[in-house]
Amino acid sequence: LSSPSGLTHESHKKDVEQVYLRCSEGSIEWMYPTGALIVNLRPNTSPVSYKHLTVCIKPFKDSAGANIYLEKTGELKLLVRDGDRSPSRVYCFGYDQGGLFVEATPQQDISRKITGFQYELMSKGMASDLHTVSAPCRPCSDTEVLLAVCTSDFVIRGSIQDVTNEAEEQESIIHVGVNKLYRQKSKVFQLTGESGNWRGQIKTLLECGVKPGDGDFLFTGRMHFGEARLGCAPRFKDFQRMYKEAKDKGLNPCEIGPD
């Protein structure tokens, strides 16, 4: 978390401050913005790999006081306009497309403004999985499911307890009851209540039309800005079939013990 403050150089309203971030994910909170910030993302990886990285930012819901631009060799491209209240909007670009230039907008009272956003650096392949434009709701092939089991941030067997649709954010929240937890990167799925049942929430696009239903599914997906995002989710009996067929042929990319 980086938290610069405009009040430290209020008398120099055109000052440009440099911020260097080494983490692959985190957040920027610019209190009382004046002048501008240049945000330099310098992950602790080889510069050779930079061209394979995607940067995603997600503004805080109450972020205000500055425009956020993508800057390269002096040219600015507006990413987020001050006052834009698009809920949960995520903006992504290739690392080699430029850096972030955050410029304060004129304010009568800067003490009431805080500009902030979360950021994530990820491989371009992972980013395209999360933000695919073509057929985002299509079922996964057998090969995609088996690969998802090996590479996803979470893999669980569970059932859909309920679905909450959020029309404004164009998302659905799937409330999942967990029967078996194979893997989770973050503690999204937790024991709840005296019954000792595991539960958690997974988000997906509203257009996918997910509805509560009977039976178990194999839920896989990625963590994105602290939320579980749905990847491949076949019915569990279908996953058992494809897993056994691949194992019999020696083609399953990893073992998880699906029973």
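**Disulfides in this model**

A search of the whole structure turns up four disulfides. By that I mean pairs of cysteine sulfur atoms within 2.5 Å. Two notes on method. This is a predicted model, where local features need pLDDT of at least 70 and side-chain atom pairs count only at pLDDT 80 or more, while totals for chains, interfaces and linings use all residues. Residues are numbered from 1 along each chain as its sequence is written, and side-chain values use heavy atoms, with hydrogens and water left out.

Count the bonded cysteines along the chain, and the pattern reads 1-2, 3-6, 4-7, 5-8.

Start with Cys56 and Cys92. Their sulfur atoms sit 2.0 Å apart. The angle about the S-S bond is 105°, and this link is right-handed. What does the pair tie together? Cys56 is in strand β4, residues 53-59, and Cys92 is in strand β7, residues 91-94, so the bond connects parts 36 residues apart in sequence. Helices here are DSSP runs of H or I with at least four residues, strands are runs of E with at least two, and both are numbered from the N terminus.

Now burial. Buried means under 20% relative accessible area, exposed means over 50%, and partly exposed is in between, with a 1.4 Å probe and protein chains only. Cys56 has 0% relative accessibility, so Cys56 is buried.

On to Cys140 and Cys232. Here the sulfur atoms are 2.1 Å apart. The angle about the S-S bond is -90°, which goes with a left-handed link. Where are the two ends? Cys140 is in the loop between α1 (124-130) and α2 (142-151), and Cys232 is in the loop between β15 (227-230) and α3 (236-248), so the bond ties parts 92 residues apart in sequence. Cys140 is partly exposed at 29% relative accessibility. Cys232, at 9%, is buried.

Cys150 belongs to helix α2 and Cys254 to the segment after α3, so the pair joins parts 104 residues apart in sequence. Is Cys150 buried or partly exposed? At 23% relative accessibility, Cys150 is partly exposed.

One more cysteine before I stop. Cys23 has a relative accessible area of 48%, so Cys23 is partly exposed.
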